[in-house]
Amino acid sequence: MPDSRPNILFIMSDDHAAHAMSCYGSRINQTPNLDRIANGGMRFDNCFCTNSICTPSRASILTGTYNHINNVTTLSTPMDNTLPTFPKLLQAEGYQTAIFGKWHLGTGPDHCPTGFDDWAVLPGQGLYHNPMFIFNGPDGGTSKVVKGYVTDIIADMSLDWLKQRDPDRPFMLMCHHKAPHRPWEPDEKHAHMYLNEDIPEPETLYDDYANRASAAAAAEMRVGVHMVATDLKTEYGYDLPEDELRKWAYQRYIKDYLRVVASIDDNVGRLLDYLDGEGLTDNTIVVYTSDQGFFLGDHGWYDKRFMYEESLRMPFILRYPREVAAGTQNDDMILNVDFAPMFLDLVGLPVPEHYQGRSFRPLLAGDTPDDWRDAMYYRYWMHKTHHNVYAHYGIRTLRYKLIYYYADALGQAGTIDETYEPEWELFDLQNDPYELNNVYQDPAYADVVKTLTDDLHRMQADVGDERYFKDET
Ligand code: CA
């Protein structure tokens, strides 16, 4: 008798912000195939990462733990592949498992994918055109160049694997796109989109970083200013005055970003069509998410890392017709550490006790437990490297965000060892949704500061993390 447990198709892109998806109300593009997932299921509007950068977020997703627990704190800390990830637990229970595309948790026997019947992954960040892949094999796999465009190739590999699977056993497939990661190289099919139009600018493109901690002005991720020829595909134009430079570079940047997103959307459509054609749609949990958010010119920036909203928020849409009503939406806070327990819960497996996330299966049915979280803990460890973003931790509640820039490398791998005086930021998201006005020193918020600081330290201790030694507020 066929196994009736649900299949899982987990599609994750790299650096795709929710505000570049039409199901999230994008003002700048259309994503009709991603919208099929949202329209057929539930859209989560407050899904957050616990560390807004690729490798650490991927480790949290797979292991259900925070980065100080799984030790994947920066881009230079590969994941120990003996950890009990959720694919491994599904595989042990008879699921067919595979991953294709971006892995970015290390290479070689100790860090290559485990818990998968088959896999083919990009080394490191991978290339957009004619990428090298590492294929499942002895001693960490074997490398080979694959001709073509990376987003198409990853979808092709996913489809080929689905077609050869045993139809009598459930599957869990991770389709991990490299796109739309920097340097945003479109394929020929989408290269001519948006040629004769201007893309609307975000409200904060010309942000001057006043009324913030010094970290915001110090960050080196300004559109145009900190971009290079491989980003903007031209050697010229960088000597414009800064506002003009941001205006010009934003158009070049965002058009390429949206072109590579369009390819993702097409290829998601191919996977959804396959499920429809095979009669698999009703019994397959389809998720589309990204490893973190991204600044799409917001605050004048590209990249991520900060605890600010555009970077903190992950898109998360889930379709599962057997259990989730079509066209629904949820405002509760869910986190990347919750994905693993949620999948195990949905297929009827126990969640390991050491997992730190919580299954949000009740939310899928429209039931928010009374004790569901009203705050989340965040920590960015990778001090200064690449974009000069200072290490920080903080708490986000339904209304406020308190951030502590401890600005110290703390000896973490892949950081730059220059330390600055710590600073605090408090934002009232209700009155200041774009986070332009730090009210930490405002006497009107003194009680809020006190309460949130206590909550931050309590939450930090609860998840087993440690305060920075100068944090004595
Ligand atoms: Ca990423």
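Tryptophan 184 is buried, because its relative accessible area is 0%. Here, buried means under 20% relative accessible area, exposed means over 50%, and partly exposed is anything in between, using a 1.4 Å probe on protein chains only. You're working with a predicted model, where local features need pLDDT of at least 70, side-chain atom pairs count only at pLDDT 80 or more, and totals for chains, interfaces and linings use all residues. Residues are numbered from 1 along each chain as its sequence is written, and side-chain values use heavy atoms, with hydrogens and water left out.

**Exercise 1.** Find the residues that coordinate the calcium ion, then decide what the angles make of the arrangement.

*Solution.* 
- Start with the donors: N, O and S atoms within 2.8 Å of the metal, or 3.2 Å for Na, K and Ca; water isn't among the atoms, so a site may look incomplete.
- Asp14 (OD), Asp15 (OD), Cys54 (SG), Asp291 (OD), Asp291 (OD) and Gln292 (OE1) coordinate the calcium ion, at 2.1 to 2.7 Å.
- Now the angles: the six donor atoms subtend 52 to 161 degrees, so the arrangement is irregular.
- The rule behind that word: four donors are tetrahedral if all angles lie between 85 and 135 degrees; four are square planar and six octahedral if opposite donors are over 155 degrees apart and all others between 65 and 115; anything else is irregular.
- Along the sequence, the spacing of the donor residues reads D-D-x38-C-x236-D-Q.
- Aspartate 14 sits in the loop between β1 (7–13) and α1 (32–39), and aspartate 291 in the loop between β8 (284–290) and α9 (309–312), so the pair ties together parts that are 277 residues apart in sequence. (Helices, H or I with at least four residues, and strands, E with at least two, are DSSP runs numbered from the N terminus.)
- Check the cover too: aspartate 14 counts as buried because its relative accessibility is 0%, and aspartate 291 is also buried, at 0%.

**Exercise 2.** How many disulfides does the whole structure hold?

*Solution.* 
- Set the cut-off: a disulfide is a pair of cysteine sulfur atoms within 2.5 Å.
- Searching the whole structure gives zero disulfides.
- Take cysteine 23 as a test case: the closest cysteine sulfur, in cysteine 47, is 13 Å away, which is too far for a bond.
- Cysteine 112 is in no disulfide either, with the nearest cysteine sulfur, in cysteine 175, 20 Å away.
- As for cover, cysteine 23 is buried at 11% relative accessibility, and cysteine 112 is buried at 9%.

**Exercise 3.** Classify how α8 crosses α5 and α1.

*Solution.* 
- Axes are lines fitted to C-alpha atoms, for helices over the stretch in contact, and angles run from 0 to 180 degrees between N-to-C directions.
- Helix α5 (residues 150–164) and helix α8 (residues 242–277) have axes that come within 9 Å and cross at roughly 10 degrees. That makes α5 roughly parallel to α8.
- The α1 and α8 axes come within 7 Å and cross at roughly 50 degrees. That makes α1 oblique to α8.
- The labels work like this: under 35 degrees is roughly parallel, over 145 roughly antiparallel, 65 to 115 roughly perpendicular, and the rest oblique.
- For contacts (heavy atoms within 4.5 Å), the α5 residues include Leu159 and Leu162, and those of α8 include Leu271 and Tyr274.
- Between α1 and α8, the meeting residues include Leu34 and Ile37 in α1 and Val268 and Leu272 in α8.

**Exercise 4.** How many residues of helix α2 (residues 54–63) are buried?

*Solution.* 
- Count them: ten of the ten residues are buried, so α2 is mostly covered.
- Among them are Cys54, Arg58 and Leu62.
- Just after α2, glycine 64 has a positive phi of about 70 degrees.
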